[in-house]
Protein chains: 2
Amino acid sequence: MANHNSSRHTIILLQNSPSRATRTFMDYDSIGQAMDGICGLYERKLKEINPSLRNISYDIADLYNFIDGLADLSALVYDHSISAYLPYDRQWIKQKAFHHLKRIANGGR
Amino acid sequence: MANHNSSRHTIILLQNSPSRATRTFMDYDSIGQAMDGICGLYERKLKEINPSLRNISYDIADLYNFIDGLADLSALVYDHSISAYLPYDRQWIKQKAFHHLKRIANGGR
């Protein structure tokens, strides 16, 4: 049976600042890839702030601050059993990101 | 019993051009308001093209062309019975827009 997180189409809705013009969305084939995507957003932001930085390192608290700093962030995860997308909030995303980073730190993919 | 279309939170996912940077989303309290929103997008575009135009008029075929010209357009409509969002494609949106405009033309709201 496919791992709970694999192959569940995941849409991330994101609003960077109070201006609705900054609203955008990204979509991924799984929750794990969506968490990679959110970490990737943060890493790109770190590179923008420190272009000379060669190795980027940060801890979960830094990632949480980034997530909390966004005007809006939510996820919609496809559930095959109901052929619909379940909505999840920022808090859920932070938990998933934490477990995702922990799994990567322990060498899991 | 509330009308089928009223008070169903509706998210419109939109990508204007092949560049993913043009991805954005809008959300509305009902399907009807979402259709108003899509018509509003088209009317703003017409005003951009013809700033001097005072009265904007268009028929459904024009609106369809606008919708077909978008790189991507889909809707997610909240279904209270499953607490999840049902996904709908461009074709569904065109049908809903048609019925919406017909209702307005007949003086309905």
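**Notebook: the interface of chains A and B**

I began with polar contacts across the interface of chain B and chain A, and the rule gives 5 residue pairs, both residues at pLDDT 80 or more. A polar contact is a pair of N or O atoms within 3.5 Å; within protein, one must be able to donate a hydrogen and the other to accept it, and residues adjacent in sequence count only if both atoms are side-chain atoms.

I note that this is a predicted model, in which local features need pLDDT of at least 70 and side-chain atom pairs count only at pLDDT 80 or more, while totals for chains, interfaces and linings use all residues. Residues are numbered from 1 along each chain as its sequence is written, chains are lettered from A in the order in which they are written, and side-chain values use heavy atoms, with hydrogens and water left out.

**Entry: elements and composition**

I looked up which elements of chain B give two or more residues to the side that touches chain A, and found β1 (10-15), β2 (23-28), β3 (72-79) and β4 (84-88). Strands are DSSP runs (E, at least two residues), as helices are (H or I, at least four), numbered from the N terminus. The largest share, 5 residues, comes from β2(B). By class, I recorded 12 nonpolar, 2 polar and 3 charged residues on this side of chain B.

**Entry: extent**

I find 17 residues of chain B in contact (heavy atoms within 4.5 Å) with 17 residues of chain A. The two chains bury about 1,400 Å² between them, 66% of it on carbon and sulfur atoms; this is the accessible area (1.4 Å probe) lost on being put together, summed over both. In chain B, Arg23(B), Phe25(B) and Tyr85(B) lose the most area to chain A, together 43% of what that side buries.

**Entry: salt bridges**

I counted 4 salt bridges over all chains, taking a side-chain nitrogen of Lys or Arg within 4 Å of a carboxyl oxygen of Asp or Glu. Of these, 2 cross the interface of chain B and chain A.

Arg23(A) meets Asp27(B) at 3.0 Å, N to O, and the pair runs from strand β2 of chain A to strand β2 of chain B. Arg23(A) is buried at 8% relative accessibility, whereas Asp27(B) is partly exposed at 25%. I use buried for under 20% relative accessible area, exposed for over 50%, and partly exposed in between (1.4 Å probe, protein chains only).

Asp27(A) forms a salt bridge with Arg23(B), the closest N and O atoms being 3.0 Å apart. Here Asp27(A) is partly exposed at 25% and Arg23(B) is buried at 7%.

How values were computed
Ala, Val, Leu, Ile, Met, Phe, Trp, Tyr, Cys and Pro count as nonpolar, Asp, Glu, Lys and Arg as charged, and the others, Gly among them, as polar.
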